[in-house]
Amino acid sequence: IPKVSIIVPCYNQAQFLPETLQSVLDQTYTNWECIIVNDGSPDHTETVAQEWCEKDYRFVYLKKENGGLSSARNAGLKIAKGDYIQFLDSDDLLNNDKLQKQISFFNETTDIIICDFFPFDQDSGDFLKIRYMNPFPSEQNYKDDIIIKWETELSIPCHCVLFKKELINQDTDIQFDESLPNHEDWVFWVKLFHHSKGIHNINEVLVSYRIHNKSMCSDTILMKKGFIDACNSNKAYFISRKDKKGVKLCKEKWNRIQGITKKS
């Protein structure tokens, strides 16, 4: 039975961690390891993590100096032993049948499975329609969609995805860019999708995405700068691969982010 590595980066969110880890423990698919990466948290993350490691041997604890979300995810990827990778932020939740349902769709030509998500308000628990965006790229044109449609028609929270670990073994650049202030997930997906043989969308909500009122996304200037930096990072990737189509799509996306419409 294939093993799933669930990577949970933690920084100062110990109060949410038990609920998140419980959603892992409740999985109907049982062959998993859950790597809890403590990214130098000053709160009681370590105490909580160690309690869960004592509760079930499938929980693994990794402590590191603070380096940010990308650094924590990369640290988890380095020690992951599973056949599949599942990212899960320390305040989000998996439905108990998430892994079971997604795993059933893998085959020789499908290496990324995406599900729908429920964005909920931290205080009320209500569905936040304003923060919902379609997580499904076209199954035929996903490599283009992930570049062009990102954050206009498409956004994929990291925990919606389950993918074959062998994808990241194909290219040492498939990791999170630790120099980016945000949009690092977009850059990761662009590279991952570029190497994918095929994806499959499950039109079913299998994860919950907690929205905090004071989340980073509220800083629009910082987000736009990060978006442009990420777009340049994507373009540099395709230039290094001598991929003219990828470079062209990144230039088009850059123009769209800037609000420039080229006259035909």
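Colleague: What lies over the face of Phe-87?

Modeller: Arg-73 does, at 5.9 Å from the ring centre. A charge counts as over a ring if NZ of Lys or CZ of Arg is within 6 Å of the ring centre and within 35 degrees of the ring normal. The model is predicted: local features need pLDDT of at least 70, side-chain atom pairs count only at pLDDT 80 or more, and totals for chains, interfaces and linings use all residues. Residues are numbered from 1 along each chain as its sequence is written, and side-chain values use heavy atoms, with hydrogens and water left out.

Colleague: And where does the charged end of Arg-73 sit relative to Phe-176?

Modeller: Over the ring of Phe-176, 5.1 Å from its centre. Phe-87 and Phe-176 belong to one aromatic cluster with Phe-163, Phe-188 and Trp-189.

Colleague: How many aromatic pairs are there in the whole structure?

Modeller: The search finds 14. Rings of Phe, Tyr and Trp (its six-membered ring) pair if their centres lie within 6.5 Å; planes under 30 degrees apart are stacked, over 60 edge-to-face, the rest tilted.

Colleague: Why is the pair of Trp-52 and Phe-59 edge-to-face?

Modeller: Because their planes are at 75°, with the centres 5.6 Å apart.

Colleague: Is Trp-52 buried or exposed?

Modeller: Trp-52 is buried, at 5% relative accessible area. Buried means under 20%, exposed over 50%, partly exposed in between (1.4 Å probe, protein chains only). Phe-59 is buried too, at 4%.
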